[in-house]
Amino acid sequence: MNSYLYRYISFETFVGMVQSQALTFVLPQIWDDPQEDNAFYSFVKNIDNIYKKILFLTAHEKTYAQCWTEQGHSDAMWRIYGYGERSVRIKISRNNIDYLDNVQAINVQYVDDLCLENSDDYFQALTKKRKAFEHEKEVRLINCYRFNSDEDFEKHVKAFLIVNEHEESIALLNSLYPSLSLEEQVAQVLKLLNMGKQCQKIKKISYSHIDNFIEGVMVHPLAPKWYVEIVKEFCNRNNLMFEGQSDLYLK
């Protein structure tokens with residue numbers, strides 16, 4: 001059975017998304033909720049195998065996500081993501097998530113305590129949220145880093161040991177990048193682990209190969225009529241289904 005996901009965004013973000021034909025994923029570590037990562041780190045804390053622990057810690061630095069919701073008509077969502085009463089709500093089919101490159105859609109679980117006990121599910125750790133946010137009915141799209149070989153994983157382990165000041169850090173650096181200067185070696189390690197000045201906080205994932213990916217566009221219920229017409233015209237020019245203005249507050 002098909003179902004829909006929704007995202008409430010500014011008009012500028014909407015235009016950029018349509019023009020690039022891509023979704024913008026970000027590192028969960030930079031989201032507004034300061035406790036967002038608590039579930040993940042409690043999950044890692046319970047892992048006994050040091051190599052498995054390093055695997056998840058390094059992969060986490062390259063895991064990106066984007067928030068959607070199952071709430072198609074919500075006063076709370078229009079108010080929180082109103083953007084001066086100029087926001088738009090886009091609609092996509094949940095089935096189409098399967099056609100995005102290395103992306104999974106997982107429903108967020110709202111809990112009292114973000115600390116996980118005896119859990120071995122990495123994705124569960126990425127989809128826990130405090131009950132204060134339960135009104136969002138969030139579905140999280142996750143793009144998780146995949147190690148492409150044993151050599152790739154070994155390289156990440158060495159880099160992890162280096163940034164954690166292992167006693168053989170210099171030897172490890174030279175084994176990874178023997179022909180580079182120390183400064184260049186450090187830059188390569190940070191780039192590999194996606195840390196420090198080399199950190200890439202956002203990641204674009206294309207949907208251009210999916211026909212009719214955006215299946216509907218709706219405008220904020222309190223937006224002025226002239227603005228509604230602008231959004232309508234933009235949708236028409238880009239062959240997007242314009243669903244009109246939300247009638248949430250219609251008398």
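Me: Why is Glu136 called buried?
Reply: The relative accessible area of Glu136 is 8%. Buried means under 20% relative accessible area, exposed over 50%, and partly exposed in between, with a 1.4 Å probe and protein chains only; Glu136 is therefore buried. The model is predicted: local features need pLDDT of at least 70, side-chain atom pairs count only at pLDDT 80 or more, and totals for chains, interfaces and linings use all residues. Residues are numbered from 1 along each chain as its sequence is written, and side-chain values use heavy atoms, with hydrogens and water left out.

Me: What makes the pair Lys129 and Glu136 a salt bridge?
Reply: The closest N and O atoms of Lys129 and Glu136 are 3.0 Å apart. A salt bridge requires a side-chain nitrogen of Lys or Arg within 4 Å of a carboxyl oxygen of Asp or Glu, so the pair qualifies. Salt bridges with shared partners join Lys129, Glu136, Glu138 and Arg140 into one network. Lys129 is buried because its relative accessible area is 7%.

Me: Why is Asp75 called partly exposed, and why is Arg79 called exposed?
Reply: Asp75 has a relative accessible area of 32%, which places Asp75 in the intermediate class. Arg79 has 57% and is therefore exposed. These two residues form a salt bridge, their closest N and O atoms being 2.7 Å apart. Both lie in helix α4, 4 residues apart, about one turn of the helix. An α-helix has 3.6 residues a turn, so residues three or four places apart point the same way.

Me: What makes a set of residues a nonpolar core?
Reply: A nonpolar core is a set of buried Ala, Val, Leu, Ile, Met, Phe, Trp, Tyr and Cys residues joined through side-chain atoms within 4.5 Å. The largest such core has 35 residues; Phe14, Leu23, Leu100, Ile214, Val217 and Val231 have the most contacts inside it. Apart from this core lies another, of 18 residues, including Phe56 and Leu57.

Note on methods. Helix = DSSP H or I, 4+ residues; strand = E, 2+ residues; numbered from the N terminus.
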